[in-house]
Amino acid sequence: MRTALDLELASVTKRYGEALAVDAISHLFPAGAYCCLLGPSGCGKSSTLRMIAGHESVTSGDIVLGAENVTDRPPAARGTAMMFQSYALFPHLSVADNVAFSLKMKGVDKPTRRARAMALLELVDMVPYAERRPAQLSGGQQQRVALARALITEPSVLLLDEPLSALDPFLRIRMRAELKRLQRELGVTFIHVTHGQDEALALADDIVLMNNARIEQSGSPREVFDAPRTEFVARFMGGHNVIQLDRGKIALRCDRTQVSRAAVGGAPNGALSAIVAGAEFQGPTVTLALRTLQDHDLAATIPDAAFFADPFAPGDAVSVTWREADQHALAE
């Protein structure tokens, strides 16, 4: 496997005619890190990944891998490899031949490419399926084959385009653990596109959250979740209330939002008056849906034992409070 290298985007822009897909973004993806490009559909994350791979041209800006500018290089000459969302396996080839295909195209002799393919199939625990065709595999098994095929070129950076989206929820959780394990063992830089917040929080060392063709915020999962800079980040990452105060908007984690039964005469100073709209049991916790007297929606997540000791019912009047240390000011 090649040595992992830093990958830097410098004012990278992509236009499709008059449409601006990626707007002068700059970011350093650290060598050997697991990075997630996160954001809603149409935000520019897949276009960014495809430009890194060389499957889309760059309208302006530079892509630098290590010390080399690879902006105008073809995909095979970049030191990157891409694992597509559809896996794109050849249906007429065996698993082993699918994995070895790129080495065959490079003229590598059959014994060498077979040995390399089998070594990678062992890495992804697919040796027993080496002679099967893709149609004989489950979705999770096809994903493992596609991953081995991408890794056989020994890339410095592996690019993954929503690789878990086709899997059922239980397999998705299992496979993201496998991806993280492989990334750590190989030491290769992974750049993984997803629209799933849970997926990014579970996998990433570095989250790059995009919105409207630009980077809205980047940082470690804890930084992005605990300290959202804007209302968009707070709402997109989930688990936060956005509350308008006299001095501006704040983000407040739902699990730091405290709810008590309203006292006679209404909420005390510093508290919000609200009505319980519903309660959703989520195993270890219960999430209360609340509606303030100003007609704003809030949510509060509380331990299940605390809820069932004195359950709230729809229509109950409550007071909503929080510690000042738990609120986080948002930029306008």
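Predicted model: local features only at pLDDT ≥ 70, side-chain atom pairs only at ≥ 80, totals over all residues.

1. Two packed helices are described by the angle between their axes and the distance between the axes. For helix 4 (residues 139–151) and helix 5 (residues 169–186), the packing angle is about 20° and the axes lie 11 Å apart. Angles under 35 degrees count as roughly parallel, and helix 4 and helix 5 are therefore roughly parallel to each other. The crossing in which helix 4 passes helix 5 is right-handed.

2. The residues that form this contact may be listed by helix. Helix 4 contributes Gly140, Gln143, Arg144, Leu147 and Leu151, which meet Leu171, Arg174, Met175, Glu178, Leu179, Leu182 and Leu186 of helix 5. Sorted by class, the contact between helix 4 and helix 5 comprises 7 nonpolar, 2 polar and 3 charged residues.

3. Ser11 has a phi near 50°, a positive value in a residue other than glycine. Ser11 belongs to strand 1 (residues 7–16). With a relative accessible area of 40%, Ser11 is partly exposed.

4. Is Glu162 buried or exposed? Glu162 has a relative accessible area of 14%; buried means under 20%, so Glu162 is buried. Glu162 is located in the loop between strand 7 (157–161) and helix 5. The phi of Glu162 is near 45°, again a positive value in a residue other than glycine.

Methods. Residues numbered from 1 in each chain as written. Heavy atoms only, no water. Axes fitted to C-alpha atoms, helices over the stretch in contact; angles between N-to-C directions. Helix = DSSP H or I, 4+ residues; strand = E, 2+ residues; numbered from the N terminus. Parallel < 35°, antiparallel > 145°, perpendicular 65-115°, else oblique. Left-handed = near helix turned anticlockwise from the far one by under 90°. Contact = heavy atoms within 4.5 Å. Nonpolar A, V, L, I, M, F, W, Y, C, P; charged D, E, K, R; others polar. Buried < 20%, exposed > 50% of the residue type's maximum accessible area, 1.4 Å probe, protein only.
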